[in-house]
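Take a look at the model below.

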Amino acid sequence: MASYALVAATLLLVMLVGLLPGLLAACLGFLLTRWINTLLVHFARRRWHHPPADVLRWISNIAATLVIVGPLLIMFFALSHYRGLLLTAPHQFSELTDYVARTVLSFKDNLPEDIAAMLPKEAEEIQRTIAMYLLSKAAALANAGKLWLLGFMYAYVGLLIGALGAIRVQKKMHAPLSDALKVRVARFGDAFRQIVTAQFWIASFNTALTALFLLVVLPLFELRLPYTPALITLTFVAGLIPIVGNLLCNVVITIVGLSVSPTTALVCLGFLVLIHKAEYFINAKVVGQKTHIAVWELLAVMFVSEAIFGPAGLVAAPLFYAYLKKELEAVGLV
C-alpha cells in the first residue's frame, strides 16, 4: 500500500510542479540505455560466449554515455546548421496561431456568398470567441522562449537520471517496500514503452503523408499553403498526443487551407480524413491491443486531465491511465 501511495504522490507532484518533460525523458533515457546495452552485449557474445564482468560493465557505461552525450551532439549540430530555424521556432508557431485566428475571424468572407448568407448570426460571436482565444495563445507563444529552455533542461536532467538508473548495480538484499516499488516502476515503464513507441510510429506515419501532401501533391495543382514547415512540425508534435492531436492538426490545416480558398480547404480536409482513417486503424490495433484501452476511455481521461492540469494533462493522461489499468489488471480488478 505504501508503494502505491508513493507512486501516486510522485505522479501528482510531477503534474503540479511541471516536471512532466523530466519524467518522460527519464523513462526514455532508461529504455534507450537498456536497448543499446542489449545490442552491444549481443555483439560482444560473438567474441565471448560468456562476456567477462568487466566487459559487461564497460558496455553498460558505453550505453549510458551514448544516451547522455548523444542529445548534446545533436543539439550542437542543429545549432551549427539550423540555428535560425531553431531560434525562430516559437515565433513561427506564434505567427501561425495568429494567422489561424485571423482566418477564423474572416471565416464568412472566405465562403461563397450564398453559403455565407445561410450561417446564423450567432456564428459571428463564435468566430470572435475562437479568434480571441487563439490570439491570446499566439501572444503566449511569442514569449515562450524561457519555458522552452526550462523544459529542455528538465528533459535533459531526466534523461541523465534515466540513463544512470539503467546501469545501476543491482543489490541482492531485498526489502518489502523497495521490492514493491520496483514492481510499480517496471509496470510504469512497460506502459510508457507501449504508449510512446506506438504513438511515435503513428505520428511519423502521419507526418510523412502530410508532408507529401503539402510539399508534393498540392504544388502539382498550383496550390501552396502558408507556414508549411510549421504545419509539418505541428503535425508530428501534436501526433504524439493520441486522438486529440490528430483532430487539432485536421482543424489547423483545414483553416489554413480555407485562407487560400474554400476548394483548398475541402481538398485538405478530404486528404486528412483519409490518412487519419488509416491512422485510427493503426491506433486501434497497436495501442488498443497492447494497453486494452478503448477510444472512449482515452478521450474521457484526456479531457478530464486537460481540464485539471492544462495541456500537460493531455500528454500525461494516456500514459498514466495505461499504467493504472496495468495495476488494476495485475490484481484482477478489471
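Buried here means under 20% relative accessible area, and exposed means over 50%. Keep those cut-offs in mind for what follows.

This is a predicted model. Confidence comes before anything else. Mean pLDDT over the chain is 77. A value of 70 or more is reached by 71% of the residues. Among the elements, helix α1 (residues 2-17) has the highest mean, 93. Helix α7 (residues 122-142) has the lowest, 55. Where pLDDT is low, the predicted coordinates should not be read in detail.

Now the overall layout. The chain has 14 helices and zero strands. Of its 334 residues, 37% count as buried. Take the contacts between residues at least 6 apart in sequence: 77% of them join residues at least 24 apart. The exposed surface comes to about 19,900 Å², and carbon and sulfur atoms supply 73% of that area.

Next, zoom in on helix α13, residues 295-309. This helix has 15 residues. From first C-alpha to last, α13 reaches 21 Å, close to the 21 Å expected at 1.5 Å a residue.

Which residues of α13 are buried? They are Glu 297, Leu 298, Met 302 and Ser 305. Seen down the axis of α13, these buried residues fall within an arc of 120 degrees, so they line one face of the helix. The face turned away from that buried side carries the exposed residues Trp 296, Val 304 and Ala 307.

Finally, step past the end of the helix. Gly 310 follows α13, and the phi of Gly 310 is positive, near 85 degrees.

Key:
Residues are numbered from 1 along each chain as its sequence is written. This is a predicted model: local features need pLDDT of at least 70, side-chain atom pairs count only at pLDDT 80 or more; totals for chains, interfaces and linings use all residues. Side-chain values use heavy atoms; hydrogens and water are left out. Helices (H or I, at least four residues) and strands (E, at least two) are DSSP runs, numbered from the N terminus. Buried means under 20% relative accessible area, exposed over 50%, partly exposed in between (1.4 Å probe, protein chains only). Contact means heavy atoms within 4.5 Å. Accessible areas come from the Shrake-Rupley method with a 1.4 Å probe; for residues, only the protein chains shown count as cover. pLDDT is the predictor's confidence in each residue, from 0 to 100. The expected span of a helix is 1.5 Å times one less than its number of residues. The arc is that of the directions from the helix axis to the C-beta atoms.
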